[in-house]
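Biologist: Hi! Could you walk me through this one while I have it on my screen?

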Amino acid sequence: SRSVVLPVLNRQLGCWDTGQPGPTLLVTGGIHGNEPAGVLACERVIAHLEEHQPAVRGRFLAVRGNQRALGERRRFLERDLNRGWGGAAIDALQRLPEDERSPEDHEQAELLQAFRDVERSAAGPLLYVDLHTSSAHGAPFLCLADTIDNRRIGLSTGVPIILGIEETIEGASLEWFADRGVACFGVEGGQHDSEEAVANHEAVLWGLLMRLGILPEGYIDLAPHRERLRRAAGGAPPIIEIVHQHVIRPGEEFRMEQGFENFSAVKKRQLLAKDNGGEIRAPFACHVMLPLYQELGDDGYFLARRVRWFWLWLAKLLRACHADALLPLMPGIRRDPSDRDTMLANPKVARWFVVEVFYLLGFRKKTKRLGLLAFRRRTSRRENRSI
């Protein structure tokens, strides 16, 4: 059997696996302890599968995230469990003695072992989905690393998509999977304590189980689930891109203005929040995402702009043609000799539309390195194409 026994007995919400090879859908719920909707949605799906005993191809595996914080209904106890999933942070965690680890360190070590066990035992393509909710109301949406495979699978859900979130949130669990070429995205289902968020997550899970071919064709009538997600999305743009992140610094008394929801449209100079430095206003017309209405959290809000379908089509065309091979021919741009998926740009030479060109070609992770801009792209495993 390919079933995985996880390190902590009650971390596994359920595993449905009849031993037939096929795709694996791995889902986490409650990686933030004040976000139980994802856990409840997984429990509903697992309960249905256990009652009706359908034959499956591949497997569906659901796990709890921050168990200790879920028990206290707090976002986290000492640190955000949805940070620190980059390579350097994980290396540091594994070197840390057991008696010096925080509650979240222990949670992450257990989850890391579970993720590795699932990846090692997968007998086909692997898709990782992390279920979240937010302190504000509003339409559900997906956060994903910008690969064509992730876009294709994400668009099939019918849920609006946010691009660029990986550049603003460092070390999310999605980063661990994306670095390994695994298809992955996060789902923001709605407001923390709403029944709608649970139902939205459940609708996404049923759609993915059918989309991946894990459940037999026609097993579930997806029409009501698709209608639910269509109504929940409302008039939200199908794809937007993060263009600004407001980070709350230590000691700042940040207060978000009331009334904002995910995808709220705001005008230039509209009042967004206040802190001990005064008023904070929108620098341009945009959409507000993830406005902070809870005590814990380092991000006050994000600002985003709509992405037109033409640019999505052009990006897909350019990537299919491997147009990235032409990048080193441009002035001031060269490939990182230590990583073929990283390009280095000298901003003093490469001045015109550099960021836009890199984004079109899938190089999105922008960092600074010795006066140069480093852009890194995510690559996908070959088997992702079958899902």
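Biologist: How many helices and strands does the protein have?

Modeller: The protein has 11 helices and 18 strands. Helices here are DSSP runs of H or I with at least four residues, strands are runs of E with at least two, and both are numbered from the N terminus. Before we go on, this is a predicted model, so local features need pLDDT of at least 70 and side-chain atom pairs count only at pLDDT 80 or more, while totals for chains, interfaces and linings use all residues. Residues are numbered from 1 along each chain as its sequence is written, and side-chain values use heavy atoms, with hydrogens and water left out.

Biologist: Let's zoom in. Which residues of helix α5 are buried?

Modeller: In α5, residues 148-155, the buried ones are D149, N150, R151, I153 and G154. Their cover includes strands β4 (126-134), β5 (141-144), β6 (161-163) and β7 (183-191), along with helices α8 (195-211) and α10 (309-320).

Biologist: I have my eye on a histidine, H48. Where is H48, and what does H48 touch?

Modeller: H48 sits in helix α1, residues 37-52. Its relative accessible area is 23%, so H48 is partly exposed. Leaving out residues up to four places away in sequence, H48 touches W206, Y219 and I220.

Biologist: What about E241, buried or exposed?

Modeller: E241 counts as buried, at 19% relative accessibility. E241 belongs to strand β8, residues 239-247. Not counting residues up to four places away in sequence, E241 touches L163, L303, A304, R305, V307, Y359 and R364.

Biologist: Switching to sheets: what is the order of the strands in the open sheet with β9, β11 and β12?

Modeller: The order is β9-β11-β12, with antiparallel pairing. β9 (255-256) and β12 (278-281) stand at the edges with a single partner strand each, so one side of each is left without a neighbour in the sheet. Two strands pair if DSSP finds at least two bridges between them.

Biologist: How many bridges does each pair have there?

Modeller: β9 and β11 (residues 271-275) are joined by 2 bridges, and β11 and β12 by 4 bridges. R255 has K274 in β11 as its bridge partner, and D275 is partnered by G278 in β12. A hairpin of 2 residues links β11 to β12.

Biologist: Nice. Now β16: which way do its side chains point?

Modeller: In β16, residues 342-345, T342 and L344 point one way and M343 and A345 the other, and all are buried. In a regular strand, side chains alternate between the two faces of the sheet.

Biologist: Which strands pair with β16?

Modeller: β15 (residues 333-335) pairs antiparallel with β16 over 3 bridges, and R334 stands opposite L344. A hairpin through 6 residues joins β15 to β16. β18 (residues 372-377) is also antiparallel to β16, over 4 bridges, and A345 stands opposite L373 there.

Biologist: Last topic, backbone angles. What is phi at Q53 and L290?

Modeller: Q53 has a positive phi near 50°, and L290 has a positive phi of about 50°. Most residues other than glycine have a negative phi. Q53 lies in the loop between α1 and β3 (59-64). L290 is in the loop between β13 (286-289) and β14 (299-306), and at 17% relative accessibility L290 counts as buried.

Notes:
Buried means under 20% relative accessible area, exposed over 50%, partly exposed in between (1.4 Å probe, protein chains only). Contact means heavy atoms within 4.5 Å.
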